[in-house]
Amino acid sequence: MDSVVSDATAVDTAVDTPAASPAETVPTAAIPAQPGPATGEPDPEDGAQDWQLDHSRAPIATKIVVAGGFGVGKTTFVRAVSEITPLQTEALMTRASEETDDLTATPDKLTTTVAMDFGRITLDNDLVLYVFGTPGQQRFWFMWDDLVRGAIGAIVLADTRRLTDCFPALDYFESCGLPYVVAVNHFEGTERFDPEDVREALTITPEVPVVIMDARKRYSVVETLLAMVEHALSATPE
């Protein structure tokens, strides 16, 4: 009698319990993870680069520093070229700096960089440039030693209305032996000079490239970065 009851119970249990679907019987480990936000993997549909999808390759990351005088366009330079939202440390200008910051050439400037600017641009499938903009005021120059550490070269921005403002940057990179190029940021309404005229005015050697550019235009900034990379490779080919 007990045997009959047990058999009946087993039959009822089998009828009440739904059968597992084929999808439920596949082990979780056998299902490959799809790229996307859930896995943290880059998705080709989001514009990921080839080196981001190939885990056997690592990008070549290089660092470039953008320096120059106060209000010469360093923040604009980084903002124009960065493929990510640039990191900026802008602070409002106050009357406390009126005696030290000359706004004659840039009367509409309302903010100033107090630490650094940072951006990133991918120049090739596996060549990434990290661009650091230095603060221009003399009271923040103590940060330059940290910002240039590990850089392959520098870009010294110059304004032809006040060329003397870029002399400290030129002296700094000359003294530390870091390859650099001079990029004249041409402001609207100002006279345009030939690169050789700027070279003579700054008394820099012939091997230092001098380019005329516009820090607001991405293509112009990219050309300047390429000139810097090319000069750095020729100066330190290893």
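Analyst: Happy to; here are some questions about labels, each answered with its rule. The model is predicted, with local features needing pLDDT of at least 70, side-chain atom pairs counting only at pLDDT 80 or more, and totals for chains, interfaces and linings using all residues. Residues are numbered from 1 along each chain as its sequence is written, and side-chain values use heavy atoms, leaving out hydrogens and water.

User: What makes a stretch count as a helix or a strand, and how many are in the protein chain?

Analyst: Both are DSSP runs, numbered from the N terminus: helices are H or I with at least four residues, strands E with at least two. By that rule the protein chain has 7 helices and 7 strands. Along the sequence they follow α-α-β-α-β-β-β-α-β-α-β-α-β-α.

User: Why is Thr203 called exposed?

Analyst: Exposed means over 50% relative accessible area, buried under 20%, and partly exposed in between (1.4 Å probe, protein chains only). Thr203 has 69% relative accessibility, so it counts as exposed. Thr203 is in the loop between α6 and β7 (210-213), and its phi is positive, near 50°, in a residue other than glycine.

User: How do you know that the buried residues of α5 line one face of the helix?

Analyst: In α5 (residues 167-176), the buried residues are Ala169, Leu170, Tyr172 and Phe173. Seen down the axis, they fall within an arc of 160°, so they line one face; the arc is that of the directions from the helix axis to the C-beta atoms. Asp171 and Ser175 are exposed on the face turned away from the buried side. Gly177, with a positive phi near 75°, follows α5.

User: What covers the buried residues of α5?

Analyst: The cover includes β1 (60-68), α4 (144-148), β5 (153-158), β6 (180-185) and α6 (195-202). Contact here means heavy atoms within 4.5 Å.

User: What makes a residue nonpolar, polar or charged in the lining of the largest cavity?

Analyst: Ala, Val, Leu, Ile, Met, Phe, Trp, Tyr, Cys and Pro count as nonpolar, Asp, Glu, Lys and Arg as charged, and the others, Gly among them, as polar. The lining therefore divides into 6 nonpolar, 1 polar and 3 charged.
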